[in-house]
Amino acid sequence: MPTRLPKMSKREKLNLLADIEDGYRPFDKHALTLLRSLLDDPDPRVRAEAIACLWNDPDPRWIDLLMHKATEDPYSEVRTHAISALGRYIFEGDAAAFEDWDGYEISITADDYARVTDFLFRIAQDPEEAVEARRYAIEALAFRSEDADVLDLIEWAYHHDDRRLKVSALFSMARNGDPRWTDSILQELHSRDTEIQYEAVHAAGELGLEEATNSLIEMVRSKNVRKPLRLLAIYALGEIGDERAYPVLDRLTHSRDRDVRDV
């Protein structure tokens, strides 16, 4: 007999899904039962958040469902969440391929990895696809660190007139990790577009760019920098590990702002 779930309000569903996604609720049998029921919830926001939880469970059984949601769901938010979730299979497959698929404990096969990759490339390269779909497909593919076609896609998105693609390009640079992105990231640290600047700071930290240290220290010291960007710059300095940042970080451990002290 199927498990009967209690009736829940939209808020209760979203709170439950947030706990699963953030790891506050174990990804156990009950959580999976809940997810299965909410993947087809009438509310698109609930469906989208349920799909986001699947990042934590890269089981091949979800691949066909995610592909279907990515192309057939009537709501853009659901489609883009599904495309993004498929990126987990690229992440796992790229790691497994690096180890020649031997001794790598992951349930995805080389065939599954290939078909997810092909699916995402079709979306990313299709000029008839919506920009939102294409940008999330590029972000998902960015884990393929040594794929020339992926590098070309990121480069194309970075130089595109649509700023949404440029934002995704910088996000993808952080995931991709290729040294060729260094100059672009350093340049965008000074962008007047706050979202682009935010992604550049994130990328500088992820890639450990010591060349970004002085710019990040200036951000951290500036009173005109918004708090979320300042906190990210502090975190990025810690990721980079340049000794020039140590005195600055040491002083910030005594800040009156608790968030600053914690980061």
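**Reading burial, packing and salt bridges**

Modeller: Let us start with helix α7, where eight of the 11 residues are buried (under 20% relative accessible area; exposed is over 50%, partly exposed in between; 1.4 Å probe, protein chains only), so α7 is largely enclosed by the rest of the structure. The model is predicted, with residues numbered from 1 along each chain as its sequence is written; local features need pLDDT of at least 70 and side-chain atom pairs pLDDT 80 or more, while totals for chains, interfaces and linings use all residues. Side-chain values use heavy atoms, leaving out hydrogens and water.

Biologist: Which residues of α7 are buried?

Modeller: They are A133, R134, R135, A137, I138, E139, A140 and L141. Helices here are DSSP runs (H or I, at least four residues), numbered from the N terminus.

Biologist: How should I read the packing of α6 and α7, and what is the angle between them?

Modeller: Two packed helices are described by the angle between their axes and the distance between the axes. Here α6, residues 110-125, packs against α7, residues 131-141, at an angle of about 140°, and their axes are 8 Å apart. That angle makes α6 oblique to α7 (under 35 degrees is roughly parallel, over 145 roughly antiparallel, 65 to 115 roughly perpendicular, the rest oblique).

Biologist: Which residues make that contact?

Modeller: From α6 come T117, L120, F121, I123, A124 and Q125, and from α7 come A133, R134, A137, I138, A140 and L141. Contact means heavy atoms within 4.5 Å.

Biologist: Are R47 and D73 buried or exposed?

Modeller: R47 is buried at 7% relative accessibility, and D73 is buried at 8%.

Biologist: Which helices does the bridge between E195 and R163 link?

Modeller: The side chains of E195 and R163 meet at 2.9 Å, N to O. E195 is in α11 (residues 194-206) and R163 in α9 (residues 163-176), and the two residues are 32 apart. E195 is partly exposed at 36%, and R163 is partly exposed at 34%.

Biologist: Where do K166 and E188 lie?

Modeller: Their salt bridge has an N to O distance of 3.2 Å. K166 is in α9 and E188 in α10 (residues 182-188), 22 residues apart. E188 is buried, with a relative accessible area of 5%. Elsewhere, salt bridges with shared partners join E132, R135, D162 and R164 into one network.

Biologist: What does S184 touch?

Modeller: S184 is in helix α10 and is buried at 14%. Not counting residues up to four places away in sequence, S184 touches Y158 and M173.

Biologist: With which residues is A203 in contact?

Modeller: A203, in helix α11, is buried with a relative accessible area of 0%. Leaving aside neighbours within four places in sequence, A203 is in contact with L170, A174 and I185. The C-alpha atoms of A203 and V263, which are 60 residues apart along the chain, are separated by 17 Å.

Notes: Axes fitted to C-alpha atoms, helices over the stretch in contact; angles between N-to-C directions. Salt bridge = Lys/Arg side-chain N within 4 Å of Asp/Glu carboxyl O.
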